[in-house]
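These are my notebook entries on one structure. I record what I looked up and what I found.

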Amino acid sequence: MKKIIFSVLFFCLFAIGFAQNSAEKAGEYYTQKKYQAALQEYLSLPKNADIYYNIGNCYYRLGELGKAVLYYRRAQRLNPSSWQIEKNLQIAQKSLLDKPAELTKMEKLWESVNIKLSMNVLAAIIFVCLFLAGIFWIVGVYRPSGKYFAFFFLFLCLGVGYFTYQKQAIMAKKAVLIADVAQGFSGPGSDNKKVFTIHQGNSFAVLEQDGQWSKIKLEQGFVGWIKSEKLEKI
């Protein structure tokens, strides 16, 4: 048993040391403007917001804007409060042929709130609501009004839980075009009517899949089918 524990600890320490060494090597390559070498090192590391961000930087420097946007969005999903990720994402989007859809003030406000309400924040809100519901339920044993507050926080918890579920479902559908260009058709096949043309970096929602084709909805509201190999889920 001791040998197994020692082996596991040794492996963990070795993995941590290897990851640190690769991260340092990747940083050195990036500083030396060896972006392809830096990219390969970052891709081999365990993924987190910082690694996704650095991968996005490498792709941007290599001129692969589609993959740069993809990895910036992956980094933003894990760390929505980072101004650096948001800034570099906006810089990359300015270089795209397809500009993001213009949002109204209310839509911008909702998007800002939605980004800041990360999964960690929502989980914390649910925990606090459940904790307060439990406290007030105990108080309700001595004061009947306490149970009203308990039900309030319980329903609030259910509401936040439903919002979290919907947010997760929406996030699971989001994708980015990584190919240079893609034709959108009215059905799953190139023999259907062409309905739009999009370019790398365009973000959209994947509605359904049929074989090698994916039905997508653009931010502008257009719906069509493109080859699944040309997109990648965020």
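**Entry 1: helix α8.** I noted at the outset that this is a predicted model. I then looked up helix α8, which covers residues 145–173 and has 29 residues. From its first C-alpha to its last, helix α8 reaches 43 Å, close to the 42 Å expected at 1.5 Å a residue. Which residues of α8 are buried? I found Gly-146, Ala-150, Phe-153, Cys-157, Val-160, Thr-164 and Lys-167. I set beside this list a general rule: an α-helix has 3.6 residues a turn, so residues three or four places apart point the same way.

**Entry 2: Asn-57.** I next located Asn-57 in helix α3, which spans residues 49–61. Is Asn-57 buried or exposed? Its relative accessible area is 10%, and the cut-off for buried is under 20%, so Asn-57 counts as buried. Leaving aside residues up to four places away in sequence, I recorded that Asn-57 touches Tyr-30, Tyr-72 and Asn-88. The side chain of Asn-57 makes a polar contact of 2.5 Å with the side chain of Tyr-72. Another polar contact, of 2.9 Å, joins the side chains of Asn-57 and Asn-88.

Entry 3: Finally, I examined strand β5 (residues 213–218) and strand β6 (residues 223–227), which pair in the antiparallel sense over five bridges. Which residue of β6 does Ile-216 stand opposite? I found Gly-224 in that position.

Note on methods
Residues numbered from 1 in each chain as written. Predicted model: local features only at pLDDT ≥ 70, side-chain atom pairs only at ≥ 80, totals over all residues. Heavy atoms only, no water. Helix = DSSP H or I, 4+ residues; strand = E, 2+ residues; numbered from the N terminus. Expected span 1.5 Å × (residues − 1). Buried < 20%, exposed > 50% of the residue type's maximum accessible area, 1.4 Å probe, protein only. Polar contact = N/O pair within 3.5 Å; in protein donor to acceptor, adjacent residues only side chain to side chain. Contact = heavy atoms within 4.5 Å. Pairing = 2+ DSSP bridges.
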